[in-house]
Amino acid sequence: MKLHYCEKVLLVEDNDVNRMLLSDCFKFCGYQVKALPGGSKFFSTVKTFRPNLIVLDLKLPDIDGFLLLEKMQQNSYTAKIPVIVVSGLAFKSDCERAIGLGARRYFVKPVILTELTQAIEKELCFHHK
């Protein structure tokens, strides 16, 4: 397993258990992690934390995840950050919509952690080329 101490992952997940589990998993892989329970502080956190990748749930209590993806694409800085969606929305149309709004990968919950961490590593390697 490669350790990525310089890589920063921003996790946006409203479910406390999922947020803690994913955060711990990413830290175990060596990433610096910042976790948010919703989208209200998203842009200010991105500005200060400067993540290399974002893991985003689409069903958030304070903002629709699709709207957040849309707003990210309209911002020159956040549009460049790779986003991996982890969502309970299992319809193909939801996946296609998220990818159309700039998400690089789409995982349906419950997610297989090894597949998610491999996808993160691939996106970060690709993003640094």
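**Reading salt bridges and cysteines in a predicted model**

Q: Which residue forms a salt bridge with Asp16?

A: Side chains of opposite charge can pair when their charged atoms come close. Asp16 forms a salt bridge with Arg19, with 2.6 Å between the closest N and O atoms; the term denotes a side-chain nitrogen of Lys or Arg within 4 Å of a carboxyl oxygen of Asp or Glu. This is a predicted model, in which local features need pLDDT of at least 70, side-chain atom pairs count only at pLDDT 80 or more, and totals for chains, interfaces and linings use all residues. Residues are numbered from 1 along each chain as its sequence is written, and side-chain values use heavy atoms, leaving out hydrogens and water.

Q: Is Asp57 buried or exposed?

A: Buried means under 20% relative accessible area, exposed over 50%, and partly exposed in between (1.4 Å probe, protein chains only). Asp57 is buried, at 4% relative accessibility.

Q: How many disulfides does a search of the whole structure find?

A: A disulfide is a covalent bond between the sulfur atoms of two cysteines. The search of the whole structure finds 0 disulfides, the criterion being a pair of cysteine sulfur atoms within 2.5 Å. The sulfur of Cys29 lies 4.6 Å from the closest cysteine sulfur, that of Cys25, which is too far for a bond.
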